[in-house]
Amino acid sequence: MGKVTGFLEIDRQDRKYKPAADRIRHYQEFVIPLSEDATRDQAARCMNCGIPFCHNGCPVNNQIPDWNDLVYHGDWEEASRNLHSTNNFPEFTGRVCPAPCEAACTLNLENVPVTIKTIECAIVDRAWENGWLRPELPERKTGKKVAVVGSGPAGLAAAQQLARAGHDVHVYEKFAKAGGLLRYGIPDFKMEKHLIDRRVAQMEPEGVTFHYGVHVGVDLSAKELVDGHDAVILAGGSEKPRDLPVPGRDLAGVHFAMEFLPQQNRRVGRENAGPEEPILASGKHVVVIGGGDTGSDCIGTSVRQGALSVTQLEIMPRPPEQEEKLTTWPYWPLKLRTSSSHQEGADRDFAVATKEIVGENGVVKAIKCVRVDSRMKEIPGTEFQLRADLVLLAMGFVSPIHEGMINELGVALDGRGNVAADTLAYKTSLDKVFSAGDMRRGQSLVVWAIREGRQAARAVDLFLMGSTDLPR
């Protein structure tokens, strides 16, 4: 490494946010990048571990010490080449990944990990600014035709890898634009959508054809799709939300998070928000049920829409402020995490179960709750009520939607209702049909979807050609 003692001499410094009072007035990104010199200093903190656990912490196995060293030496273009050798879309992960690589960093034993995510984002943003990321055309065409169902991160990664291998790739997306959860689930204030458009513009000359507004299993039969291609990758995501079976669930004003968030994303993207009744938090007391990232996104969106108050409820106990390093490192720890949306104005309550949703004239007015112990058992005498004009259910996703394509194909499912396929061949129970991403593994991170898309592309290339040069 160029700066062997960098981790001793340089303090950790990360990106900061613009003031909450300013950023809640718009839906644009608000992270302030580090300067080039500051980024170089942060890269110098990488300590050249004998065993770089960040490699294992990163699902796409980014060669983190290598590109940290390249940034330190000012070779940004080579750093970009190295980064893109393992990750097709580092501008996505550099914005929305929770950075398990930083949790695995040796310096995290002292709570000062290398700012890996920030450096990754700086590399790819600089690469785009300097025109280093051009379409990579295949040396030859194979004559094989591959269909990818779904244009989320798994589908996009698989499509790009297969197109660069010379296959004729067709992506079928039921919505009006590519991106899947990246576009319609993640708010623009976390990741602006021109980043997706820019990648689509790169992929089209590489040999990827996008078919928008085509819902496989509805607009196009699954059998017709399979018959018309040499291989098919199912990458449609995990879209069936976990419901809340309590009295009052059917009241007006109770919605799934993924009914609420896509509407606002479409408004920001100047798309038709759809025929559904607008779901707006303006002037309302909002209760978000579910303590994960989706719930956090509901908070930030509600605040920007002008909610009077936002309360987030989580049934799990409040996590510790700090993990016990010697028992958790280098694995992803359970600890209290405060997002930028939480900082913008939300009350959080833990170990709370919802007993009933109360309404008046068919419209939600409050929710009845009770506190629970560590075994999820109700604690007598702890019942309370919260005012609620809008209730957003953000309790995760249980499986892909089976109605339509999956039922028509008759593909085998695993015990959780996901499409059954292993992580070596990614092959389903049907000949020439593969699956990757959340549709196969269940609800997960964008970075895991990219990994699975890349690995599934390699499996498909091997299946079609008998050999492959694509990386795992």
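In the predicted model, R12 is partly exposed, since its relative accessible area of 30% falls between the limits of 20% for buried and 50% for exposed residues. R12 forms a salt bridge with E102, and the closest N and O atoms of this pair are 3.5 Å apart. The residue R12 lies in the loop between α1 (6-9) and β1 (16-17), whereas E102 belongs to helix α8 (residues 100-104), so the pair ties together parts that are 90 residues apart in sequence. E102 is buried, because its relative accessible area is 10% and the limit for a buried residue is under 20%.

Across the whole structure, 30 salt bridges are found. Side chains of opposite charge can pair when their charged atoms come close. Among these bridges is the one between E239 and K174, with an N to O distance of 3.2 Å. E239 is located in the loop between β6 (231-234) and β7 (240-241), and K174 in the loop between β4 (168-173) and α11 (181-184); the pair therefore ties together parts that are 65 residues apart in sequence. Both members count as partly exposed, E239 with a relative accessible area of 33% and K174 at 27%. A further salt bridge joins K325 to E323, where the closest N and O atoms are 2.8 Å apart. In this case K325 and E323 are both buried.

Aromatic side chains also come together, and the count reaches seven aromatic pairs. One of them consists of F434 and F463, which are arranged edge-to-face, with 5.4 Å from centre to centre and 70° between the planes. Because F434 lies in strand β17 (residues 433-435) and F463 in helix α20 (residues 446-465), this pair ties together parts that are 29 residues apart in sequence. The relative accessible area of F434 is 2%, so this residue is buried, while F463, at 34%, is partly exposed. Elsewhere, Y17, F30 and F189 form one aromatic cluster.

The strands β12, β13 and β14 were examined next. Strand β12 (residues 352-360) pairs with β13 in the antiparallel sense over eight bridges. The two strands form a hairpin with two residues between them, and N361 in the turn has a positive phi of about 55°. On its other pairing, β13 runs antiparallel to β14, to which it is joined by four bridges. K368 illustrates both pairings: this residue of β13 is the bridge partner of E356, and K368 also stands opposite Q385 in β14. In a regular strand the side chains alternate between the two faces of the sheet.

The loop between β13 (363-371) and β14 (384-387) contains M376. With a relative accessibility of 35%, M376 counts as partly exposed. Together with I315 and M316, M376 forms a nonpolar patch on the surface, and the three residues share about 250 Å² of accessible area.

Finally, R40 is found in helix α3 (residues 36-44) and is partly exposed, with a relative accessible area of 35%. When neighbours within four places in sequence are left aside, R40 is in contact with V71 and Y72. The C-alpha atoms of R40 and G74 are separated by 7.6 Å, although the two residues are 34 residues apart along the chain.

Notes. Residues numbered from 1 in each chain as written. Predicted model: local features only at pLDDT ≥ 70, side-chain atom pairs only at ≥ 80, totals over all residues. Heavy atoms only, no water. Buried < 20%, exposed > 50% of the residue type's maximum accessible area, 1.4 Å probe, protein only. Contact = heavy atoms within 4.5 Å. Patch = residues over 30% accessible without salt bridge, like charges linked within 9 Å, V, L, I, M, F, W, Y side chains within 5 Å. Areas by Shrake-Rupley, 256 points an atom, 1.4 Å probe, with all protein chains shown as cover. Salt bridge = Lys/Arg side-chain N within 4 Å of Asp/Glu carboxyl O. Pairing = 2+ DSSP bridges. Phe/Tyr/Trp six-rings, centres within 6.5 Å; stacked < 30°, edge-to-face > 60°.
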